[in-house]
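Please read it alongside the sequence and the model.

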Amino acid sequence: MDSAPAATHDTRRRRLAAIGLLALLFVLLLLLWDWNWFKGPVERHVEAATGREFSIEGDLDVELSLTRPTIIAHGVVLGNPDWAGEREMIRVDQARIQWAIWKLWGGDVVLPRVELEKPRLWLERGADGQANWTFSDEPADDTVPTNYPDIGELLVRDGRFRLVEPSLKTDIDVAVRSDESASEGRAPLLLAGTGRYRDAEFELDGRIDSPLELIDAEDRFVIDLRARAGATRAHASGGLATPLQ
């Protein structure tokens with residue numbers, strides 16, 4: 001008469017033991033898992049797509065979430081072509097990329113938030129007109145690309161970019177940061193630059209819409225910039241229609 005309850009008790013005990021073992025294995029996996037194992041495949045994929053050296057010099061981490069995990073990469077570097085004056089075209093001290101993974105089921109790449117800490121961008125055009133931002137030998141296509149990932153917000157902190165064109169005696173260094181105090185819409189960028197433009201002393205100061213607004217051809221891209229090159233001064237304020245074109 002007591003065999004059935006005893007069998008039921010043993011079954012429950014085995015189930016609890018199995019659940020406990022699975023939980024222990026999951027905890028051990030989390031403790032031993034190293035996201036840096038993915039660095040090699042990511043680096044090789046970017047190098048194949050760009051034809052440039054690409055590396056993540058620091059750690060690759062992930063803040064787990066069931067819907068929006070955040071990928072954190074430290075020391076992201078994209079190389080320049082051999083002819084450029086600097087070895088690196090892009091360096092980012094830290095990139096935090098929030099990813100809406102469930103959107104992948106529909107084939108969409110949706111990044112609700114991207115944060116860049118100390119990004120550095122080197123833009124250079126050689127004497128033969130070759131530009132380091134061109135990644136293909138094919139003729140330039142004026143068609144506006146439509147395959148961008150859907151990025152909700154882009155935040156740039158302590159960024160800089162440098163534009164160098166030796167044949168035009170141009171060397172401009174610009175500090176860039178997002179205006180995170182903006183209360184509405186995507187955070188615009190604040191710019192402050194110095195250097196030389198066509199061998200004349202150059203200064204730049206102002207504000208432009210977030211680069212993400214460039215992707216939406218239906219909206220104007222708002223700018224408010226003041227620049228000086230030698231004795232020439234200019235103030236541009238207003239909106240540009242279809243700026244990518």
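A salt bridge is a side-chain nitrogen of Lys or Arg within 4 Å of a carboxyl oxygen of Asp or Glu. By this criterion the structure holds 17 salt bridges. This is a predicted model, in which local features need pLDDT of at least 70 and side-chain atom pairs count only at pLDDT 80 or more, while totals for chains, interfaces and linings use all residues. Residues are numbered from 1 along each chain as its sequence is written, and side-chain values use heavy atoms, with hydrogens and water left out.

**Helix α2**

- Helix α2 comprises 12 residues, 39–50; helices (H or I, at least four residues) and strands (E, at least two) are DSSP runs, numbered from the N terminus.
- From first C-alpha to last, α2 reaches 16 Å, close to the 16 Å expected at 1.5 Å a residue; the expected span is 1.5 Å times one less than the number of residues.
- K39, E43 and T50 are the buried residues of α2, where buried means under 20% relative accessible area, exposed over 50%, and partly exposed in between (1.4 Å probe, protein chains only).
- Seen down the axis of α2, these buried residues fall within an arc of 50°, so they line one face of the helix; the arc is that of the directions from the helix axis to the C-beta atoms.
- An α-helix has 3.6 residues a turn, so residues three or four places apart point the same way.
- The face of α2 turned away from the buried side carries the exposed residues R44, H45, A48 and A49.
- β1 (54–56), β2 (60–63) and β3 (70–79) are the strands against which the buried residues of α2 pack, contact meaning heavy atoms within 4.5 Å.
- G51 follows α2 and has a positive phi, near 75°.

**Individual salt bridges**

- R125 and E165 meet through their side chains in a salt bridge of 3.2 Å, N to O. This pair links distant parts of the chain, 40 residues apart: R125 lies in the loop between β6 (113–124) and β7 (150–151), and E165 in strand β9 (residues 159–165).
- R125 counts as partly exposed at 30% relative accessibility, whereas E165 is buried, with a relative accessible area of 14%.
- R87 pairs with E88, their closest N and O atoms being 2.9 Å apart; R87 is exposed, at 58% relative accessible area.
- Between D199 and R196, the closest N and O atoms of the salt bridge are 3.6 Å apart. D199 is partly exposed at 44% relative accessibility, as is R196 at 39%.

**Salt-bridge network**

- A network of salt bridges links R113, E115, E117, R157 and E180.
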